[in-house]
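I am opening a notebook on a structure that is new to me, and I will write down what I look up, entry by entry.

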Amino acid sequence: MRNIALRLKYDGSAYHGWQVQKTDISVAQTLENALSKVCGHPVKTVGCGRTDAGVHALRYCANFRTDCAIPTDRVPLAVNARLPGDIAVVDAVDAPDEFNAIGSCIKKEYVYKILNSSIRDPFLDKRVCFYPPRLDFDRMAEAGRAFEGTHDFRAVRSVGTETKTTVRTVHWCRAEREGDLISIYVCANGFLYNMVRAIVGTMVYAAYGKLEPEEIPHLLALGDRRLTGPTMPPQGLYMNRIWYDGAVGEMMAK
């Protein structure tokens, strides 16, 4: 049985997240339907993370097992011919038998995009968070840096998936501004439910003075979700990069 890893990208606007749902359309279900047609048998995928409804992916990794003889380099074109235009398989590689898209992941980076303008851009609708009030970028960037390091992040997560520990290591939380577009890059060894969107919401609070950037370590130590910023809307969030060892890592770095 072959273990094939895929690199894909998708616009999540039309989907109820990555994970297969009982009634709602999901990215995983749509991909599995296409893969099943190509392979000639039912296919189940393992995704590198659980993106929520309306969240996008510039890079995403999934793996599946098959005894189909299709050459690996032909998988992307064969699957894309059966996928809608808002999902694309970019590359494929034969992975070791023990490879698992989520369990083998070393770290991930998300980017959250805010259009900080009084005028909306119709071409960015459902692809950024439109936020008209002017944000103090320097305060926002300072607040982001306060999240870096190893902390208990229960103060910036929503109630949802249970996890053994809420301690994570944020390698960087970096804000960049180009004109009216603010991009916030958050890289960690793992993420809690809605963690990035809550981090960004806390940075937004700091940007207009509702809290001070230097308060953030204390708020994390308190662990009270009510004291940090709001969970930002999903449409501004993208999975951006994923790191692995070996051939899968080389594919994802392209």
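Entry 1: Is Ala69 buried or exposed? I looked up its relative accessible area, which is 73%, so I note Ala69 as exposed. I keep in mind that this is a predicted model. I found Ala69 in the loop that runs between strand S3 (56–66) and helix H2 (75–80). I also looked up its separation from Cys39, which is 30 residues away along the chain, and the C-alpha atoms of the two are 8.2 Å apart.

Entry 2: I moved on to Val75, which lies in helix H2. Its relative accessible area is 2%, so Val75 is buried, the cut-off being under 20%. Leaving out residues up to four places away in sequence, I find that Val75 touches Leu6, Ile70 and Ala92. Cys39 came up again here: Val75 is 36 residues from Cys39 in sequence, and their C-alpha atoms are 9.4 Å apart in space.

**Entry 3: the whole protein.** I then stepped back to the overall picture and counted 6 helices and 10 strands in the protein. How does the radius of gyration agree with that of a compact globule? For 254 residues such a globule would have a radius near 18 Å, and the protein has 19 Å, which agrees. Taken along the principal axes, the box filled by the C-alpha atoms is roughly 60 × 40 × 35 Å. I noted that 52% of the 254 residues count as buried. The accessible surface comes to about 12,000 Å², and carbon and sulfur atoms hold 51% of that surface. When I took the contacts between residues at least 6 apart in sequence, I found that 73% of them join residues at least 24 apart. For the charges, I looked up the mean position of the 32 positive ones and that of the 29 negative ones, and these two positions are 4 Å apart.

**Entry 4: aromatic rings.** How many aromatic pairs does a search of the whole structure find? The search gives 7 aromatic pairs. One of them is formed by Tyr10 and Trp18, a stacked pair with 6.5 Å from centre to centre and 25 degrees between the planes. Both Tyr10 and Trp18 are buried. I then turned to Trp172 and Trp243, whose ring centres are 6.1 Å apart and whose planes stand at 85 degrees, so I recorded this pair as edge-to-face. Trp172 belongs to strand S8 (residues 167–178) and Trp243 to strand S10 (residues 237–243), so the pair ties together parts that are 71 residues apart in sequence. Trp243 has a relative accessible area of 24%, and I therefore wrote it down as partly exposed.

Entry 5: I found Tyr185 in strand S9, and at 17% relative accessibility Tyr185 counts as buried. Apart from its neighbours within four places in sequence, Tyr185 is in contact with several residues, including Tyr110, Cys173 and Asn240. Next I looked at Tyr244, which lies in the loop between S10 and helix H6 (246–253). Tyr244 has a relative accessible area of 8% and is buried. Leaving out residues up to four places away in sequence, I find that Tyr244 touches a list of residues, among them Cys48, Cys61, Phe99, Cys105 and Met252.

**Entry 6: positive phi values.** Asn194 has a phi near 65 degrees, and I found it in the loop between strand S9 (181–188) and helix H4 (195–207).

Conventions:
Residues numbered from 1 in each chain as written. Predicted model: local features only at pLDDT ≥ 70, side-chain atom pairs only at ≥ 80, totals over all residues. Heavy atoms only, no water. Helix = DSSP H or I, 4+ residues; strand = E, 2+ residues; numbered from the N terminus. Buried < 20%, exposed > 50% of the residue type's maximum accessible area, 1.4 Å probe, protein only. Rg over C-alpha atoms; globule rule 2.2 N^0.38 Å. Contact = heavy atoms within 4.5 Å. Areas by Shrake-Rupley, 256 points an atom, 1.4 Å probe, with all protein chains shown as cover. Lys, Arg positive; Asp, Glu negative; His and termini not counted. Charge placed at Lys NZ, Arg CZ, Asp CG, Glu CD. Phe/Tyr/Trp six-rings, centres within 6.5 Å; stacked < 30°, edge-to-face > 60°.
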